[in-house]
Amino acid sequence: MTQHNCSLAEHYQPSEIEGKVQQKWHKNKTFKAVEDASKEKYYCLSMFPYPSGRLHMGHVRNYTIGDVISRFQRMQGKNVLQPIGWDAFGLPAENAAVKNKASPAPWTYENIEYMKGQLQMLGFAYDWDRELATCKPDYYRWEQWFFTKLYEKGLVYKKTSSVNWCPNDQTVLANEQVVDGTCWRCDTPVEQKEIPQWFIKITAYAEELLNDLDTLEGWPEMVKTMQRNWIGRSEGVEVDFTVNEQTLRVYTTRPDTLYGVTYLAVAAAHPLATQAAADNPALQEFVDECRNSKVSEAEMATMEKKGMATGLFATHPLTGKQVPVWVANFVLMDYGTGAVMAVPAHDQRDYEFASKYGIDIVPVINPADGSELDISEQAYTEKGVLFDSGEFSGMDFGQAFDAIAAKLEVDGQGNKTVNYRLRDWGVSRQRYWGAPIPMINMPDGSVVPAPEDQLPVHLPEDVVMGGVTSPLNTDEAWKKAVVDGVEGVRETDTFDTFMESSWYYARYTSPDYDQGMLNPEQANYWLPVDQYIGGIEHATMHLMYFRFFHKLLRDAGLVNSDEPAKKLLCQGMVLADAFYYVDDKGARHWVSPLEVEVERDDKGRIVKATDSEGREVIHAGMTKMSKSKNNGIDPQSMVDQYGADTMRLYTMFASPPDQALEWQDSAVDGSLRFLRRLWKMVQGHLAKGEVAELDTSVLNADQKALRRKTHETITKVTDDYERRYTFNTAIAAVMELLNHASKAEESSEQDRAVLHEALEAAVLLLSPIVPHICSELWTALGNVDDVVDAQWPVADKSAMVQDEKLIIVQVNGKVRAKITVAASASKDDIEQLALADEHVLKFTEGSTIRKVIVVPGKLVNIVAN
């Protein structure tokens, strides 16, 4: 007999269960991860949060996915590490501090404490002993140390680069702080200013970052494509034109069009533009305009193309002809050489610019199929056959590419080269709330890294944010640094916060190690991460720097793998209905969906919506939950109302993890009802007393059917968790099993034994998703260990073998009977049983049987007249 703990309350009360279960996990340090060479490890990591103050539903979804995977892998017998921490530096903390005339540090630490409580309330299986915050000196100390090592290796350098500058506040602005070309704080027009900044040579790893994408089989193809495009490898030719005996170098992927060059365009910040503008006020004005309108590469494509001739001419390397040099707003100094060769006949942007300014358009490529060339309306951009190109006429693209490159090389006027769109990573931020860059400016003009015994370079936390310059700029005592007896001045810039998030995953493996950045033994036990989870919006920044840093750590001898994460899951966004009304002045006011009453048509579409004041509001559709649209749902209030397990169940059931989740209040109610039903079924089953041992040799057909359903469900759910990551279909399969079980008899000992097995399986299969209720139910069902330490169920193949089959019998195409036959029955046996069935005889008596069609295992069709 199975003993069970029958102390299950009559009704499911999440508020009573969840805190108690979490307390037990906390007390027992249930989720503490310890290296164990005898066990297969599994490192599951969700991207760590910024401590903004409160969790939002996107966090809940992201962290629930990671927790479900972690708990499943633990039940599979693996040694699981699932850590959490805080990406704690950054601009929002500064903004909050300016608003409150305070320091960002206490605001950040208070938020961490509050959000930590929220994560614990959701029951995530984290090893809290590994918690880290990137704003703590014991974390950023090693980042500073590593930066000095990269500097020694020649992978770090300083150069002047353009930034957004507010002349009124005398401060640098992030791109997000420039609103319509003005400062977000004081509305002053923003200028571009060249200032010295620190860079890390990610371009030195461009080829490896590109090639190793092919090894990342567990990453979404979309992310890999985005990274390939971001790296942007191209093969081309560098060509040298001559301007006043100076070399002007350009890069082109189309050397076959070289004879069609009719002008060169340089960036406003190019030395030639500066030189030409010195005695040309109109040009100077245009150069200033270009330099002060910071545009991204994406905006370049759509903005109006403007230019002005410099009055300078360049000598063409092959023809010796003079080609005019223009300043153009579509050439960026930071990309390539800051100069481009323009072939209007064969490049659409060049064509539009040449047409606008009356510059010659000279075609040199004919269509390869021999059709007539037409450039009357637009450029011909396909590859084809060269003409009017001297000795290269008649060649196709491939032949011309090699021949022209060879000619330029022989003449010392160019060479073949591989180019990347990827730029070196600028890590300087003119901000206070970040990790100080550990470099010191010496009186002789040199720059030296802070000596190791001066690390960490502490960020003073007791400051007041005035809202203009960084407190570091005015802290004379902090800025003083002595190296080998000579006094220098500390760098007052801080690191880009992407620095901290590029190696946190590795520090989790040895968060308390104080002898170095990582303990290689621990790091190499846990790394690489087996499953990484986060949003697709990080595809090209964080996920690129994350991969780059891993290679830097490898080359420093700290890790021995090439990539940081084997598999990547990008979760979909959380969407909710958004509503607004327009006031008398035409301004939109967004109303929380929680304050809106809606009427729907028979298809469930919203036809009318009114807010709490009875005002009719406009439904703007389902959009991403956001503060700006006031359509976020607070996880805290949902947990208070429904419990953590209901929230977890709903976020996993509403859609597959990689697709958008459309929030529906009614579906949250449905999730709670299901958990109540599960509780009631187990409670009702236990109330009937002890359960006999299962004896599979004596089961009747109904008992076998329920047992078959149980083991088919185990098979399906295991595949959904392990391979497909479709937790929604796993939940649906368990719901189906419980429907089947709810109709089962409980009159005999074996009825109860088979039902007991089905209920235990359901609890185990749901436990990664709803661990609190399953912990209670598992114990009540008579198990000693907590459900988190239970083994994942394994399907019994013999239970899934059907020894009987249900056959449909039709007479003249209409269903007249259903018969049960042995699974091994022959066609003849099935035919005889069908013809002898009393329901069939009613329709065949007195008729002639013309034909009997038997489809084994499914159907018998009798044709009679």
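Visitor: What volume does the second largest pocket have?

Guide: About 980 Å³. Bear in mind that this is a predicted model.

Visitor: What makes a residue part of the lining of a pocket?

Guide: A lining residue has an atom within 4 Å of a pocket point. For the second largest pocket, 30 residues line the space. Tyr-251, Thr-253, Tyr-335, Val-340 and Arg-349 lie nearest its centre. Strand E11 (246-252), helix H10 (297-302), strand E15 (339-342) and helix H11 (348-357) each supply at least two lining residues. By class, the lining has twelve nonpolar, ten polar and eight charged residues.

Visitor: Why is helix H7 called roughly perpendicular to helix H17?

Guide: H7 (residues 221-231) and H17 (residues 542-555) pack at an angle of about 80°. Angles of 65 to 115 degrees count as roughly perpendicular. Therefore H7 is roughly perpendicular to H17. Their axes are 10 Å apart.

Visitor: Which residues make the contact between H7 and H17?

Guide: H7 brings Val-223, Gln-227, Trp-230 and Ile-231. H17 brings Leu-543, Met-544 and Arg-547. Five of the contact residues are nonpolar, one is polar and one is charged.

Visitor: How do you know that E23 and E24 pair?

Guide: Two strands pair if there are at least two bridges between them. Four bridges join E23 to E24 (residues 486-490), so the two strands pair. They run antiparallel. Val-483 stands opposite Val-486 in E24.

Visitor: What makes E22 and E23 edge strands?

Guide: The open sheet has the order E22-E21-E24-E23, with antiparallel pairing. Strand E22 (447-449) and strand E23 (480-483) each pair on one side only. Neighbouring strands of this sheet are turned by 45° against each other on average, direction ignored.

Definitions and conventions:
Residues are numbered from 1 along each chain as its sequence is written. This is a predicted model: local features need pLDDT of at least 70, side-chain atom pairs count only at pLDDT 80 or more; totals for chains, interfaces and linings use all residues. Side-chain values use heavy atoms; hydrogens and water are left out. Axes are lines fitted to C-alpha atoms, for helices over the stretch in contact, and angles run from 0 to 180 degrees between N-to-C directions. On a 1 Å grid over the protein atoms alone, a cavity is a set of points where a 1.4 Å probe fits but cannot get out, and a pocket is an open set with protein on both sides within 12 Å along at least five of seven lines; lining residues have an atom within 4 Å of a point. Grid points are joined across faces, edges and corners, and a volume is the space filled by probe spheres set on the points. Ala, Val, Leu, Ile, Met, Phe, Trp, Tyr, Cys and Pro count as nonpolar, Asp, Glu, Lys and Arg as charged, and the others, Gly among them, as polar. Angles under 35 degrees count as roughly parallel, over 145 as roughly antiparallel, 65 to 115 as roughly perpendicular and the rest as oblique. Contact means heavy atoms within 4.5 Å.
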